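Hi,

Here is the structure I promised to pass on. Have a look at it first, and my notes follow below.

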Amino acid sequence: MKFIEHTGVMDDEYVSLGLEWLCQVQGNRSTFLSRLETAQYKYITSTNDPAYFGKDFDIKLYGDDIVASFFAQAKSLLDNRRVYDVSIASNIIPWVKQLGRNCHLIDAIPGAKDRAKRMLEDETVYPDTALFELVVAGNYANRGYQVEFIPEQKGIAKTPDLKYRNQGGKDFYIECKRLQKGKYETIEKQHHRALINHTETMKILEKFNLWMDITYKAEVKDVPHNYIYEHLKHYRKQIYTWNDIYGQGVVRPVSLYPLLRDILINGSIMFNTKFARLMKGTALRDEYYNIYARAEPDDRDNRFVEFVHQAALVTWRCVNEASFEGRSKYVTSLLKTIDDQLMNYGPGIAHIAIDVDVQGDVADKRRQKNIEAISRFKPDSRMCRTMVHYMVPRIDEDSAWMVDETSDEFLNYPPGLGITPRVAVFTDSETLDNDLPGWRQ
């Protein structure tokens with residue numbers, strides 16, 4: 001059984017409640033808010049620098065305090081849109097919102113405040129794993145179960161994250177794992193960026209209004225450093241196509257009229273998916289993109305463009321089998337880790353959250369591998385349910401942020417027994433029961 005949940009830019013009060021609860025957990029409200037305000041100030045300073053204009057988002061724009069950088073995005077949604085960045089919002093705000101939805105219940109869960117405080121005090125660790133645990137705990141509590149965090153015994157024994165007691169007085173144990181995109185994807189993007197940043201390539205991209213679409217057939221790391229230039233140099237303001245052992249593609253001229261008209265009607269625009277869509281003529285799907293433009297920044301906010309003189313769009317994806325394998329890592333080793341955590345305890349539940357690849361066929365492959373791996377896995381512990389939550393962050397032109405959740409469940413008992421509940425991450429969202437994963441909507 002599969003379902004999709006869609007949560008969007010509604011009920012900002014829950015975001016506020018989530019942040020306020022974290023302030024209370026920190027113990028000194030003004031100190032915590034000061035950390036977030038420092039991150040906001042650093043972001044404004046960084047993005048006001050003319051050298052930033054047109055650059056990709058980097059979390060380091062908020063400074064070195066990673067926790068403050070993370071939660072400053074939620075604060076900025078509420079009080080300072082100058083610091084709010086749509087390119088990262090969907091990875092953060094839905095989680096803070098879900099925390100706020102159940103924070104009154106989480107507050108009463110034994111060990112929850114200690115877990116949250118450890119998360120806030122470690123400035124060097126991304127807080128998404130701890131936030132996942134807190135959200136899952138709150139969601140079980142919202143179902144009416146007695147929930148508690150299990151104290152860690154580092155160096156002594158492996159422990160699950162949580163325990164809950166059902167209405168019949170039986171205890172169950174929960175282990176949460178949060179998986180983000182792997183190193184392969186990051187490195188692959190770096191290799192592509194090096195190909196694009198070839199000096200002669202950039203000269204062409206900075207000269208013409210064009211859209212270049214590339215499908216790599218080889219691993220990007222194996223593509224010659226001058227590959228893009230060797231094709232792009234043939235462009236003469238007419239459609240040019242190629243197909244060789246490294247890849248295939250097309251370069252075509254584009255009109256800036258739709259882009260300039262949109263700016264005239266709706267105001268300044270950022271270098272984001274809307275900019276790319278207006279150049280391409282259709283929505284982005286299953287592809288990465290890069291934008292290169294000679295443009296005038298908006299004096300009111302240097303992240304926005306108020307006039308475009310020239311622009312080039314590059315879209316790309318890789319269909320090489322080794323790339324698919326590298327980006328579609330699956331859960332076998334993770335299941336063994338979870339099994340070890342649950343070993344000396346009662347019946348257990350695994351919750352695994354996975355960020356989905358932008359390329360749909362890679363996401364499909366990863367999901368199929370996960371299904372096969374989980375179906376084959378024979379736990380030594382009493383693991384009775386595995387929930388895999390696939391997260392698809394969206395950047396939407398009509399909404400400030402949203403995320404789609406596709407959940408697969410795997411039971412080690414007959415479903416009709418109803419021994420354990422089906423618990424999603426985002427619990428108050430629209431359910432799209434069309435049997436398609438979020439990345440195929």
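**Strand S5 and its surroundings**

Seven bridges connect strand S5 to strand S10 (residues 301-318), and the two run parallel. Please keep in mind that this is a predicted model. S5 also has seven bridges to strand S7 (residues 247-253), this time antiparallel. Aspartate 213 shows both contacts: its bridge partner in S10 is threonine 315, and in S7 it is valine 250.

How many residues of S5 are buried? Seven of the seven in this strand (residues 210-216) are, so the rest of the structure largely encloses it. Both faces are covered, with Leu210, Met212, Ile214 and Tyr216 on one side and Trp211, Asp213 and Thr215 on the other.

Helix H5 (residues 93-101) is mostly covered too, with nine of its nine residues buried. One of them is Arg101, and the charged end of arginine 101 sits over the ring of tyrosine 14, 4.4 Å from its centre.

Tyrosine 227 counts as buried because its relative accessibility is 4%, whereas tyrosine 246, at 27%, is partly exposed.

Finally, ring pairs link Tyr140, Tyr145, Tyr164 and Phe172 into a cluster.

Best wishes

How values were computed
Residues numbered from 1 in each chain as written. Predicted model: local features only at pLDDT ≥ 70, side-chain atom pairs only at ≥ 80, totals over all residues. Heavy atoms only, no water. Buried < 20%, exposed > 50% of the residue type's maximum accessible area, 1.4 Å probe, protein only. Helix = DSSP H or I, 4+ residues; strand = E, 2+ residues; numbered from the N terminus. Pairing = 2+ DSSP bridges. Phe/Tyr/Trp six-rings, centres within 6.5 Å; stacked < 30°, edge-to-face > 60°. Lys NZ or Arg CZ within 6 Å of the ring centre and 35° of its normal.
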